[in-house]
Amino acid sequence: MLPSAELREVLRAAERWLLPAECLLCRRPVPPSDDDALACGVCRSRWRAVAAPWCARCGQPLEPDAECGLCAGWPAALGRVRSAVRLEGGAREAVHLLKYEGWWRIAEPMALAMRALEPLTAGVSLVAVPLGARRARERGYNQSERLAAAIGRVGGLPVRPHLLRRVRETGTQTALAPDARRVNVAGAFAASAVRGLRVVLVDDVFTTGATLLAAAEALAAAGAERVEAVTFARALG
């Protein structure tokens with residue numbers, strides 16, 4: 001009888017032959033070299049990376065020698081924030097599939113795009129931004145937790161899902177101005193058992209940073225040594 005690992009590989013090969021994988025973004029067959037990824041290599045190559053020069057703190061792209069106005073009033077709780085790609089085209093579609101369509105396994109290629117982001121260094125603990133209970137029930141999972149788990153596998157970093165919790169339900173941020181976003185999520189999180197840890201928050205999209213700031217303030221208040229953040233995409237313009 002084949003060992004379990006070999007048996008799984010045989011079954012996967014049979015599944016690929018009977019049901020060839022299809023890219024969710026371009027609907028073309030995914031070649032075996034892409035190892036059943038839900039976003040093929042061609043589509044991933046079209047995701048536009050967030051490129052330097054950027055703000056040393058919040059990662060917002062800047063013109064050379066320009067000053068950043070986005071994070072000037074941020075509290076000290078949140079350090080560096082880095083995002084992998086621009087929220088446009090196929091990257092926007094990948095976020096939508098992960099967040100609203102139930103395709104949680106697309107987090108795997110998204111994590112590959114994030115693995116070289118600066119805050120993801122040895123010794124950090126990954127903490128996903130938690131959803132409210134109602135939204136978690138509606139979606140069936142937390143897309144940020146799926147991203148954190150995928151990054152942990154790719155980078156060999158520990159994921160600590162129970163250090164941060166959402167203690168207050170909040171309305172959607174989509175239509176709110178930046179100041180209103182900060183008010184909407186103020187006091188929405190609480191943290192525990194983080195004293196002395198270097199934490200990297202994980203989320204799908206950076207827009208104004210309001211949610212990351214609120215989460216970072218809770219972690220810092222609970223004793224985290226340092227809080228930074230990474231996101232897959234960044235809304236620009």
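## The sheet

In this predicted model, 4 strands make up an open sheet with parallel pairing, ordered S1-S6-S5-S2. Strands (E, at least two residues) and helices (H or I, at least four) are DSSP runs numbered from the N terminus, and two strands pair if DSSP finds at least two bridges between them. Strand S1 (81-86) and strand S2 (125-128) are the edge strands, each pairing on one side only. Neighbouring strands are turned by 25° against each other on average, direction ignored; axes are lines fitted to C-alpha atoms, for helices over the stretch in contact, with angles from 0 to 180 degrees between N-to-C directions.

S2 pairs with strand S5 (residues 198-206) over 4 bridges in the parallel sense. Ser 125 stands opposite Val 199 in S5. Helix H8 (residues 210-221) lies across S1, S5 and strand S6 (226-234), at about 165° to S5.

## The nonpolar cores

A nonpolar core is a set of buried Ala, Val, Leu, Ile, Met, Phe, Trp, Tyr and Cys residues joined through side-chain atoms within 4.5 Å; buried means under 20% relative accessible area (1.4 Å probe, protein chains only). The largest core has 39 residues, and Trp 47, Ile 106, Met 110, Met 114, Leu 120, Leu 147 and Phe 232 touch the most other members. Elements giving two or more residues to this core include helix H3 (89-100), helix H4 (107-114) and helix H6 (143-155). H3 supplies the largest share, 5 residues. Another core, of 33 residues, lies apart from this one and includes Cys 68 and Ala 214.

Beyond its neighbours within four places in sequence, Phe 232 is in contact with residues including Trp 47, Met 110, Leu 147 and Asp 203. Contact means heavy atoms within 4.5 Å.

## Basis

Residues are numbered from 1 along each chain as its sequence is written. Local features need pLDDT of at least 70, side-chain atom pairs count only at pLDDT 80 or more, and totals for chains, interfaces and linings use all residues, while side-chain values use heavy atoms, without hydrogens and water.

Conventions. Buried means under 20% relative accessible area, exposed over 50%, partly exposed in between (1.4 Å probe, protein chains only).
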